[in-house]
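Please find below a note for a colleague who is meeting this structure for the first time. It is arranged as numbered points that can be read beside the model.

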Amino acid sequence: MNDFKSMHQYNYGNFASLMNSVEQYNEIENDETILLPKPLRIKNKLQQVLKKRKSVRNYIGLSCDLRELSTILMYSFGISGRKENFGGIVASMRYYASGGALYPISVIIYINKVDGLKKGLYLYQPMYHSLLPLNIKTQIDINKLFVGSNIDVKNSSFFVFYKYAISSTYLKYGELSLANILIEAGMMAQNFSLVTTACGFGSCPIAGYNKRFIEDICNLDHVNEHIIFTESCGRNE
């Protein structure tokens, strides 16, 4: 199932920590980059959030404000502030676990009803806690995003698309990459579900998505780059 020799060499060379330590250079800061405001403090007790959490497919249509979006993205997918020293290389940790601390899944957001943001696609950049516009000029038919009609796309605040590039983990994990990445996507989705619940929003993990259509609007190559999971989020109370 995997190449243990390759994994050993990868670990011995401390490549994952090195890649993590320079991750900020993969993020883009320009005139279009949107720096998100300081997130709100989440005060809910974990037990209460766990009991309240459920999949929510229908929303009331009220918009999300930018600080609420900032809070959801930070505590679901952002940098936790914890640092780890691996052989003299300092790596930044996030709010979820990742095999080898590679964090290979990118988060693409479709903004539908968020105050102060144009509708369209954005890349969440966790190192600088910012949004990079990917496609906000082309009108996108959001009714084509998902299979069926059980998701209230019209009243959703935003959608999350998990993007994975095979090349980002295959060197270390080989054929184990797929198993690892699906587990990681599940942990990210659970984080998102709990955080949105704590923030007074409803969300729904969605496996029934139009993969080809979403990859097309995100300009992915369908070979190395794939959308592996999606979620919706909106106000439900």
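This is a predicted model: local features need pLDDT of at least 70, side-chain atom pairs count only at pLDDT 80 or more; totals for chains, interfaces and linings use all residues.

1. Residues are numbered from 1 along each chain as its sequence is written, and side-chain values use heavy atoms, with hydrogens and water left out.

2. The sheet is open and is formed by 7 strands in the order β1-β6-β5-β4-β7-β9-β8, with antiparallel pairing. Its edge strands, each pairing on one side only, are β1 (34–35) and β8 (201–206). Helices (H or I, at least four residues) and strands (E, at least two) are DSSP runs, numbered from the N terminus, and two strands pair if DSSP finds at least two bridges between them.

3. Within this sheet, strand β4 (residues 105–111) and strand β5 (residues 120–125) run antiparallel and are joined by 4 bridges. Ile109 stands opposite Tyr122 in β5.

4. Helix α4 lies across β4, β5, β6 (130–135), β7 (158–165), β8 and β9 (225–235), and runs at about 30 degrees to β7. Helix α6 also packs on the sheet, where it touches β4, β7, β8 and β9, and its direction makes about 10 degrees with that of β9. Contact here means heavy atoms within 4.5 Å, and angles run from 0 to 180 degrees between N-to-C directions, with axes fitted to C-alpha atoms, for helices over the stretch in contact.

5. The axes of α4 (residues 66–77) and α6 (residues 177–198) come within 8 Å and cross at roughly 145 degrees. Thr71, Ile72, Tyr75, Ser76 and Phe77 in α4 meet Met188, Asn191, Phe192, Val195 and Thr196 in α6. By class, this contact has 6 nonpolar, 4 polar and no charged residues, where Ala, Val, Leu, Ile, Met, Phe, Trp, Tyr, Cys and Pro count as nonpolar, Asp, Glu, Lys and Arg as charged, and the others, Gly among them, as polar.

6. Thr197, which is placed in helix α6, counts as buried at 9% relative accessibility. Buried means under 20% relative accessible area, exposed over 50%, and partly exposed in between (1.4 Å probe, protein chains only). Leaving aside neighbours within four places in sequence, Thr197 is in contact with Val49, Lys52 and Arg53.

7. With a disulfide taken as a pair of cysteine sulfur atoms within 2.5 Å, the count comes to 0 disulfides. Cys233 is buried, with a relative accessible area of 0%, and Cys218 also counts as buried, at 11% relative accessibility.
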